[in-house]
Amino acid sequence: MSNPQISAVICTYNRYDLLPASIASLEQQSISSREFEIIIVDNSPDQEASEAFSKSFRSHDNVRWIGESKPGLSNARNVGARAAAAPLIAFMDDDAIAEPHWLAELQAAFSRFGESAQVAGGRVDPIWGAPRPTWLPDDLLGFVSVVNWGGEARYAGTKEWVAGTNIAFRTEPLLAVGGFSIHLGRNGAGHALLSNDENDVISRLREVDGQLVYAPKAIVSHLVAPERLTQPWFRRRTVWQATSEYLQDPKHNFDLGPRYWNVVTDFYSRLPSRDRTPRGLYLEQSSPDMFRLQLSALHNFTVALLSGFNGFEDL
């Protein structure tokens, strides 16, 4: 393929059970197969297994398979971006399924909003791997990459964000700002849940007048695995979110500790006196409201801890 209009990239790590369905959803896109290419960046540690698995896709005309031994999602995305032959590049996770018009809708968003639109993302619907827990409120679904801001295609509002499993860029500007930061994002099997790699690169594009477009008709469905539908996972995710935010902008977050502390004390004030210890931050909560408040307390406690409790002398 010589001149694709959009490159679709899936970065994968030991997901050979889920990956074929993701690739199949890309091969069934509504635009002509001549208009796009599919790039698989396999970050799995066993590169021999990767090579063996990739053989079943060698007969697919617009699929390219890249084995990448250096770990890290951000690095894998950068490898995919450098390999892309198209002026647009779209990223999707290896446990996601693209709707047939996904690529067409992303192309339409870039075309409609012009050169200022350097990033676009769309709706992400959940594929529940287990029943949704009663303690999980709608406003925490972002932790499992569920995105639905409604409305029509538009420049994203100040509080609107898009998920890494449904995000696209103009390739040249993405590379020009240095791609994804390898100090953020997931690495390996998920013991560390660093994130904010998408937010970071969007911020750098905005510094050079790039804009983020939300395209609600560009839809993917994304697996919410059973192991993520537990309170311990959400607590881990919250702590790593706070860590990611601190690493992305340490100067800003360094001064936030004292202001954030009120949320921590408010949460403890609602607990029985026997639980007003570190134990209170990891007790199971049956109420969505209390669980939300627990996660807020964990987030703010983490920021305060990372700042070394800076400024607490005056409290």
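**Reading a predicted model: helices and salt bridges**

Q: How do you know that the span of H4 is close to the one expected?
A: Helix H4, residues 102–113, has 12 residues and reaches 17 Å from its first C-alpha to its last, and this is close to the 16 Å expected at 1.5 Å a residue.

Q: Which residues of H4 are buried, and why are they said to line one face of the helix?
A: The buried residues of H4 are Trp102, Leu103, Leu106, Gln107, Ala109, Phe110 and Phe113. Seen down the axis of H4, these buried residues fall within an arc of 155°, so they line one face of the helix. On the other side of H4, Ser111 and Arg112 are exposed.

Q: What makes the pair of Arg15 and Asp95 a salt bridge?
A: The closest N and O atoms of Arg15 and Asp95 are 3.2 Å apart, and because a salt bridge asks for a side-chain nitrogen of Lys or Arg within 4 Å of a carboxyl oxygen of Asp or Glu, the pair qualifies as a salt bridge. Arg15 lies in the loop between strand S1 and helix H1, while Asp95 lies in the loop between strand S4 and strand S5, so the pair ties together parts that are 80 residues apart in sequence. Arg15 also belongs to a network of salt bridges with Asp94 and Asp95, and a search of the whole structure finds 14 salt bridges.

Q: Why is Arg15 called partly exposed, and why is Asp95 called buried?
A: Buried means under 20% relative accessible area and exposed means over 50%, with partly exposed in between. Arg15 has a relative accessibility of 25%, so Arg15 counts as partly exposed, whereas Asp95, at 10%, counts as buried.

Q: With which residues does Arg292 form salt bridges?
A: Arg292 forms a salt bridge with Asp139, where the closest N and O atoms are 2.7 Å apart, and another with Asp289, where the closest N and O atoms are 2.8 Å apart.

Q: How do you know that Arg292 and Asp139 link distant parts of the chain, and what separates Arg292 from Asp289?
A: Arg292 is in helix H10 and Asp139 is in the loop between strand S6 and strand S7, 153 residues apart. Arg292 and Asp289, by contrast, are three residues apart in helix H10, so they are separated by about one helical turn.

Q: Why are Asp139 and Asp289 called exposed?
A: Exposed requires over 50% relative accessible area, so Asp139 counts as exposed at 51%, and Asp289 likewise counts as exposed at 53%.

Q: What makes Thr238 a buried residue, and which residues is Thr238 in contact with?
A: Thr238 lies in helix H7, and its relative accessibility is 2%, so Thr238 counts as buried. Leaving aside its neighbours within four places in sequence, Thr238 is in contact with Phe143, Leu295, Leu298 and His299. The side chain of Thr238 also reaches the backbone oxygen of Phe234 at 2.9 Å.

Q: Why is Asn262 called exposed, and how far apart in space are Asn262 and Ala297?
A: Asn262, in helix H9, has a relative accessibility of 56%, so Asn262 counts as exposed. From C-alpha to C-alpha, Asn262 and Ala297 are 8.8 Å apart in space, and they are 35 residues apart in sequence.

How values were computed:
Residues numbered from 1 in each chain as written. Predicted model: local features only at pLDDT ≥ 70, side-chain atom pairs only at ≥ 80, totals over all residues. Heavy atoms only, no water. Helix = DSSP H or I, 4+ residues; strand = E, 2+ residues; numbered from the N terminus. Expected span 1.5 Å × (residues − 1). Buried < 20%, exposed > 50% of the residue type's maximum accessible area, 1.4 Å probe, protein only. Arc of directions from axis to C-beta. Polar contact = N/O pair within 3.5 Å; in protein donor to acceptor, adjacent residues only side chain to side chain. Contact = heavy atoms within 4.5 Å.
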